[in-house]
Amino acid sequence: MPPPGHHRILLVDDDPGLLKLLSLRLEANGFQVETAASGQQALGRISAWKPHIMITDLRMQGMDGLALFDAVQQQMPSLPVIMLTAHGTIPDAVQATRKGLFSYLTKPFDSNELLQSINDALSQCCPDGPEKTGCKEDWRSHIISRSSAMEKLLNKAWRIAQSDVSVLIQSQSGTGKELLARALHKASPHHDAPFVPINCAAIPENLLESELFGHTKGAFTGADRNRKGLFEAADTGTLFLDEIGDMPLEFQAKLLRVLEDGEVRPVGATRSIPVDVRIVSATHSDLEAAIEKGRFREDLYYRLNVVLLEIPPLSRRREDIPLLAKHFLAQVCERGNCRARSFSPEAMETLMLAPWKGNIRQLLNVVEQVAALSLTDIIPESLVQNALRNKSSDIVSLAEAQSHFERNYLVELLQMTGGNVTRAARLAHRNRTEFYRLLHRHELEPKIFRHS
């Protein structure tokens with residue numbers, strides 16, 4: 001974690017004596033401190049000063065701590081907030097904690113207790129890393145989350161960003177793979193260099209080579225001038241290859257050569273051009289299964305997958321749903337005429353319990369729909385239920401159906417053989433290494449099938 005002197009803490013209290021006392025304590029421990037005497041003043045400070053953490057009293061004149069917390073959730077949902085409360089207002093603080101408050105301290109509190117709470121909060125906004133210039137709070141600013149699974153992923157991403165190794169992001173569709181790729185780039189030493197994304201599934205096969213490597217004038221019909229490819233455009237920066245699993249097999253060999261040689265040859269050129277590019281690729285496909293079926297090169301897979309980052313689906317980070325829903329609603333209202341300002345408790349509960357097969361992209365779609373249709377300031381449960389029914393389907397994707405069948409097949413084999421991997425692999429006409437890889441993919445442990 002960066003040294004304390006680089007951390008900015010915003011103190012909010014309408015008691016000038018307490019503000020002064022807390023400021024002295026925190027500054028003595030090396031923190032940068034800014035103060036606000038009211039909730040409204042604090043909101044202005046947040047926009048201009050961008051603190052790493054906010055500490056606010058619960059009981060204040062005008063906008064109290066709870067109202068301030070709700071406003072901060074709309075403006076800067078990833079900002080950790082610590083609330084100071086008297087014994088009589090503990091239930092209010094507990095309720096706020098359920099809504100996303102980081103923690104609360106009961107007055108009178110010990111200085112060490114306050115410092116420990118601050119350090120715990122800062123460990124979320126500023127993951128450990130070798131950077132020495134201070135906490136780059138904006139590197140992950142577009143990733144709205146407070147789930148422990150996402151925090152572990154982002155801590156790993158921060159550390160990996162400091163090197164130039166290739167990264168493969170593997171997760172379901174709609175989980176935000178490009179957002180994570182951009183965060184990696186922002187956290188890297190080359191954050192001022194270009195970030196160039198390309199969707200490999202959206203480019204026709206006959207244009208992919210020209211798009212990535214460039215071409216010379218006259219290389220083919222319509223090539224009326226020299227054109228740089230995306231590798232050259234991303235030189236010294238990051239090239240993001242989205243949906244890498246859909247890249248044509250013939251082109252995979254050409255990409256592998258570029259990654260091995262560190263140079264590209266534009267279509268129609270006789271000389272290669274050196275490039276220094278960090279590769280971040282992403283896929284929703286199971287590349288190991290594609291390798292087994294001969295659809296993806298194993299040597300390219302290991303070139304791309306030096307480090308694997310797996311974004312958990314929204315169904316495994318449900319604590320992020322209220323944050324994301326409020327954030328999307330605020331975005332929708334900023335773009336146009338939108339009466340809705342919040343969700344009813346019942347509507348939010350419905351969002352929390354939905355299956356979200358389409359992940360964050362589906363949540364955004366639902367929020368946009370209910371915001372457009374709501375005739376009241378508070379979005380009712382009925383609108384959310386209708387939107388979820390409209391977006392859901394009983395038909396699963398082919399990939400999901402295949403994965404479901406494969407897992408049931410493996411379970412049946414392990415049950416038949418009592419967890420004996422050698423016998424199960426023989427029945428499946430696979431070698432033990434391949435069979436263990438299949439078991440690992442579906443998180444199946446043979447020992448739980450062994451008979452006593």
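Colleague: How are the rings of Phe 195 and Phe 240 arranged, stacked or tilted?
Modeller: This is a predicted model, and the count of aromatic pairs in it comes to five. For Phe 195 and Phe 240 the ring centres are 6.1 Å apart and the planes stand at 25°. Planes under 30 degrees apart count as stacked, so the pair is stacked.

Colleague: How many residues apart in sequence are the parts that the pair of Phe 195 and Phe 240 ties together?
Modeller: Phe 195 belongs to strand β7, residues 195-199, while Phe 240 belongs to strand β10, residues 238-242. Phe 195 counts as buried at 15% relative accessibility, and Phe 240 counts as buried at 0%.

Colleague: Which helices are tied together by the pair of Phe 213 and Phe 231?
Modeller: Phe 213 and Phe 231 form a tilted aromatic pair, with 5.9 Å from centre to centre and 50° between the planes. Phe 213 is buried with a relative accessible area of 3%, and Phe 231 is buried with a relative accessible area of 2%. Since Phe 213 lies in residues 205-213 and Phe 231 in residues 230-233, parts 18 residues apart in sequence are tied together, namely helices α8 and α9.

Colleague: Are α8 and helix α10 roughly parallel or roughly antiparallel?
Modeller: Two packed helices are described by the angle between their axes and the distance between the axes. For α8 and helix α10 (residues 249-261) the axes are 10 Å apart and the angle is about 10°. Angles under 35 degrees count as roughly parallel, so α8 and α10 are roughly parallel.

Colleague: Which residue forms one aromatic cluster with Phe 213 and Phe 231?
Modeller: The contact between α8 and α10 includes Leu 212 and Phe 213 on the α8 side, and Phe 251 and Leu 255 among the residues of α10. Of these, Phe 213 also belongs to one aromatic cluster with Phe 231, and the remaining member of that cluster is Phe 251.

Colleague: Which strands stand at the edges of the open sheet of five strands?
Modeller: The strand order in this sheet is β2-β1-β3-β4-β5, with parallel pairing, and neighbouring strands are turned by 20° against each other on average, direction ignored. Within the sheet, β3 (residues 53-57) and β4 (residues 81-85) pair over four bridges, with Met 54 opposite Val 81. The edge strands each have a single partner strand, so one side of each is left without a neighbour in the sheet, and these strands are β2 (32-36) and β5 (103-106).

Colleague: At what angle to β2 does helix α2 run?
Modeller: Helix α2, residues 39-49, lies across β1 (8-12), β2 and β3. Relative to β2, the helix runs at about 145°.

Colleague: In β14, which residue is the bridge partner of Leu 168?
Modeller: Strand β6 (residues 167-170) runs parallel to strand β13 (residues 278-283), joined by four bridges, and Gln 170 has Thr 283 as its bridge partner in β13. Four bridges also join β6 to the parallel strand β14, residues 307-310. In β14, the bridge partner of Leu 168 is Leu 308.

Colleague: How many disulfides does a search of the whole structure find?
Modeller: A disulfide is a covalent bond between the sulfur atoms of two cysteines. Cys 200 counts as buried at 2% relative accessibility, and Cys 333 is buried with a relative accessible area of 18%. For the whole structure, the number of disulfides found is zero.

Terms used. Residues are numbered from 1 along each chain as its sequence is written. This is a predicted model: local features need pLDDT of at least 70, side-chain atom pairs count only at pLDDT 80 or more; totals for chains, interfaces and linings use all residues. Side-chain values use heavy atoms; hydrogens and water are left out. Rings of Phe, Tyr and Trp (its six-membered ring) pair if their centres lie within 6.5 Å; planes under 30 degrees apart count as stacked, over 60 as edge-to-face and the rest as tilted. Helices (H or I, at least four residues) and strands (E, at least two) are DSSP runs, numbered from the N terminus. Buried means under 20% relative accessible area, exposed over 50%, partly exposed in between (1.4 Å probe, protein chains only). Two strands pair if DSSP finds at least two bridges between them. Axes are lines fitted to C-alpha atoms, for helices over the stretch in contact, and angles run from 0 to 180 degrees between N-to-C directions. Contact means heavy atoms within 4.5 Å. A disulfide is a pair of cysteine sulfur atoms within 2.5 Å. Angles under 35 degrees count as roughly parallel, over 145 as roughly antiparallel, 65 to 115 as roughly perpendicular and the rest as oblique.
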